[in-house]
Amino acid sequence: MRFLLDGAVVEPGEIAPTTTVLEYLRTVLRRTGTMEGCAEGDCGACTVLVGELQTDCNGIAWRSVNACILFLPMLHGKALLTVESLGKPDALDPLQELMAANGSSQCGFCTPGFVMSLHGRRIGAAGHDLPAVDVLAGNLCRCTGYGPILDAADKLGPVARDDSATVAALRSIEPAETVAGRFGEQRWYVPRTNAALADLLAQHPDARIVAGATDVGLWVTKGLRDLGTVIFIGDIGELRAIEETPAGLTIGAGVRYAQAHAAFVRLHPALGELTRRIGGLQVRNSATIGGNVANGSPIGDGPPALIALGATLTLRGAAGTRSMPIEDYFLDYGKQDLRAGEFVERIYVPRPGPDDIVHISKLSRRFDSDISAVCGAFKLAVRDGRIVSASVAFGGMAATPRRATACEAALTDAPFTLASIERAAAALRTDYAPLSDVRGSADYRLKAAANLLLRLWHEAQGVSASLLALEATDG
Amino acid sequence: MAESDPALAVVAKPSHPHDSARLHVSGAARYIDDEPEPAGMLHLAFGQSSMAHARIAAMDLAAVRKAEGVVAVFRAQDIPGANDVSPVAGDDRLLAAGEVINVGQPVFLVAATSRNAARKAATMGRIDYEPLPMTLTIADARAAASLIEPTQRMARGDATSALTAAPLHLSSGFEIGGQDHFYLEGQIATATPREDGQIHVLSSTQHPSEVQHLIAHMLGLPSSDVTVEVRRMGGAFGGKETQAALFAAAAALVAAKTGRPAKFRADRDDDMAITGKRHEFRVDYEVGFDEVGHILALRLQLASRCGATVDLSPAINDRAMFHADNCYWLPHIEIVSERLKTNTVSATAFRGFGGPQGMLAIERVIDEVAARLGLDPIEVRCANLYGPGRDVTPYGMTVTDNIAPQLIARLRATSGYDARRAAIASFNASSPVLKRGIALTPVKFGISFTTTHLNQAGALVHVYADGSIQINHGGTEMGQGLYIKVAQVVADVFAVPVSRVRITATRTDKVPNTSATAASAGADLNGMAAHRAATAIRDRLTAFLASIRGCEPGDVCFTPEGVAIGAEVLPFDKLCRLAHFGRISLSATGFYATPEIHYDRATHQGRPFYYFAYGAAVTEVAIDTLTGEHKVLGVDILHDVGRSLNPGIDRGQIEGGFVQGQGWLTTEQLVFDDKGRLLTHSPATYKIPTASDRPRRFNIDLWDGENVAPTINRSKAVGEPPLMLAISVFSALTQAVAATAPDTRRLPPLDAPATPEHILRAIAEHCEP
């Protein structure tokens, strides 16, 4: 495998496929400016920029990622920028110069990560159009309180980056077909097509599929697990396609959240806002929609929204494809309707109609880059004051993301009134018996889940219920 | 200290950027893990206790020893000297001996050829435990009378009679959660064996001398054979005052036993499970007051969960008592402080060191009195401030530098507090779902270690013959800007640019017997010590120049243009060269001990503090009454740093301290299960503030005044006090919850941290008829 670092091709040779880019940078390349703060993708101290050829092959698409949970083979055929790629202490880049002068660093440990996130924003990396607070949601600083860093972000505009040499260099190392490697007994593959993936899965039915590694990465860095045969699916172009039609949205399983963000906003602003709050930008630049579904987590944020919106999941195996309503995929805790040799290929989400009221709420201790205690999603079709159909799903309320059928029944064919909403809210106690855990008690979950229906009602009445829209009182 | 000394002239100092800023932003600042690894380096991991309290019946480490890459495994009996990594009481073990006292406690130590190999092997130990009764919570420990030291009492007057006599009274209580430091650089140390049994240790520690002494005792060496060095820490906040010793001692043990260099870089989750945190408190109070809100009597019960060992808990809980008056005159007061021993990780120093909990307690009392009287809490605050004739603290110290009344009045005006409070009331009246709240809370924080002997510092200044200057002192750099402040002090003594001063790593072989960099006192102590060292050299240079030019020392003047003597101006480097040829010593040590302070811990009376630092904050918040979510909307701060040594650095401390305090009181929740396991051991579950949590309105002003105490440049300490400005966040949240039932004269029963769950519960209880 090969990748490009500051214009030079790096060939790591035989190396464990679960070696993280961070480990490799720090211990082999001795680039120690990229820091390890948590080794689980939550603090951003290890932020680097990864670039790959755009589909037209004329430019580079850059994205910020957490090097601590990025496996080295995932860099294959791509370009990497680290903080050392920018300025040196005696010849800083303008962003670094400004941050050094304005108090953006105190202990300095998180600083290279912030520099890389903001550098990505300047050079047009994925998510560059987001406000600085969103670009930095995945970078934790414990010293500064963030003010000087945000000031620096506001002061410096975009900068044009000449990527022509990188384009040429990447073209020269771009792989044409599946790349395979071995490390001792362990084998790993980076296929380029769905057909190649299906073939590999037929040969290695126990192989571990890795898409963005934002979950599996932790199995290695925290669980110290051996993944066996690994198939990295991030380079399969077919899996990364988004098709938007008036009827709906078809998303390949390998589409990253950041890539889907704009299309999700167009599908419905509530889905866009939910997406903004899934992980930090570095996580959304790695994590795929398919991965968020495939792993079957009861607290993944994508599934409740996709269920409520009526999404269809398509799986592919050696025998072809099969499709199902997405909720049917989640059988039980840790158990999904996925047969040996199958993989999640795509998800279809129908576009909500003009009569549909869509509401999605994520509740967590912290607004950004947190995991839901409760995530609720609602789609109510309201005609002439009546709810003609209702689709309600929650995450964090059961062993799987699941529909609230009693709640839906209470809503369906009911008048769209506060009384109906309250009845439906009460019915959630029939639907769910949530657990108490580190993110919230069962009581809180039940009460807050019910209140989300009231929030939907208030919003439908035009009552502002968004804290995030508030400003301090003048005076 | 001669106040006529021109170098001590109290002047506005420039905001030099942090000395390492250019290295930070380019990734070139070296932290311990960035140092090149020598050949043969071993990497370490602990096998940890899975039990909160148990006897170790048997330990089978065969699988650990056989695991790939493992070179050596150590147990308590392998330690040659003292199995002790504690600061004071001798009760923190490097490795558990016979018994484990909290989940996560290190039981054995693995040295392997790679970090992953060590971590993997550390999970392979088979330990048979015989469970012992465990005490996990404050309630458990109270029931079991489990204490780390006797309950302490600080009192004045007759609280009992005054409570009875007071026209109004109430009693209530609440809980205050702990806090993980979440320094971005986790605990780390590297130990390298040197010739003749000596050992060199790089440790990310606020207290190199303590690490040195503990390692010496642990290995049976004199302190002179152990050198501990730290150039910078990637954050500390109190979490590397005592907690760093464990990892450094482990590395030193392996280096000494194997003869190979050894590095211990703790994994984040292990770090959070193994190391201590801010103390969790249960606060109960009875308060007597009059119709306008004067507090006439207060009985305050402060119970803290100290964890499994003593650590610094006595001093931390003392500081909670010292700050339970905050800015207020409490004529009849009794503070009872219970220091509870539990089978949880030992609680430790954290920015504020108990002060935040004590201060939050009294501010809560004020809020409750105001609620009962239907008054704006600011009126009750102002009614109780220290003032002439009512200026003695419960510990018998007269408050001679009180600026709280003026500071509060100014902030009240500049923040538009009154108009905003009225506007918020009308917003709330017409907003069914969202409610706003606003609060102003003040801070008065005592500066000095309350353990008097710790208030000392040393410095070493070298001037080289080429005119370059090197400084070293006992203070450590954890991001707070101590190094640049001290460098500025030294540069000013010689009237040279600060760029001429090379700041060097803190090392126990340069300045011995240092105190921890803590208690906000780093610049006060080390700045003055460095000033003395530099002044000693300058005096020699002055005398030398006067002698060779045949004039009086008074005719020599150090200026930015050079050293002036009569009409002649000699460049500084020329003078240094001349002095070297003239056989003048250009190296000096400096020493400083804070004057005037004394404290009798038996009676809890004395003058523990050299002075007080003040501040106040107005915070506006909003809550969602359906979900309990909140948003901090605006903060206005007026803070007293005296005559600042570096206003830019000080502002950074104020803002960063505030946001850290905001996290403590809102999103940062430590959750332990009923087996004593910490469930929030990673940033996935433990949530410090992110950029969007910083309020969009964030105004910081520095109080224009100088320290009445003759500190360096008449500046004031700034590390800890601003954290407590965030008490205004909690108070404002309480006001917002109160707005859900505005006509009740009760304070909502909100516990800290104000998580969505706590806020929703407080709303439910507040709205009950």
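Modeller: What follows goes from the chain to one helix.

This is a predicted model, in which local features need pLDDT of at least 70 and side-chain atom pairs count only at pLDDT 80 or more, while totals for chains, interfaces and linings use all residues. Residues are numbered from 1 along each chain as its sequence is written, and chains are lettered from A and ligands numbered from 1 in the order in which they are written.

Chain A holds 16 helices and 20 strands; these are DSSP runs (helices H or I, at least four residues; strands E, at least two), numbered from the N terminus. Of its 475 residues, 57% count as buried. Buried means that 20 or more other C-beta atoms, placed from the backbone, lie within 10 Å of the residue's own.

Now helix H2 of chain A, residues 94–101. Its buried residues are A:Leu95, A:Gln96, A:Met99 and A:Ala100. Down the axis of H2(A), they fall within an arc of 130°, so they line one face of the helix. The arc is that of the directions from the helix axis to the C-beta atoms. An α-helix has 3.6 residues a turn, so residues three or four places apart point the same way.

What does that face meet? The buried residues of H2(A) pack against helix H3 (111–122) and helix H5 (147–155) of chain A. They also pack against helix H1 (21–26) of chain B. Contact here means C-beta atoms, placed from the backbone, within 7 Å. Just after H2(A), A:Gly103 takes a positive phi of about 85°.

How values were computed
A residue is buried if 20 or more other C-beta atoms lie within 10 Å of its own, exposed if 12 or fewer, and partly exposed in between; C-beta atoms are placed from the backbone. Two residues are in contact if their C-beta atoms, placed from the backbone, lie within 7 Å.
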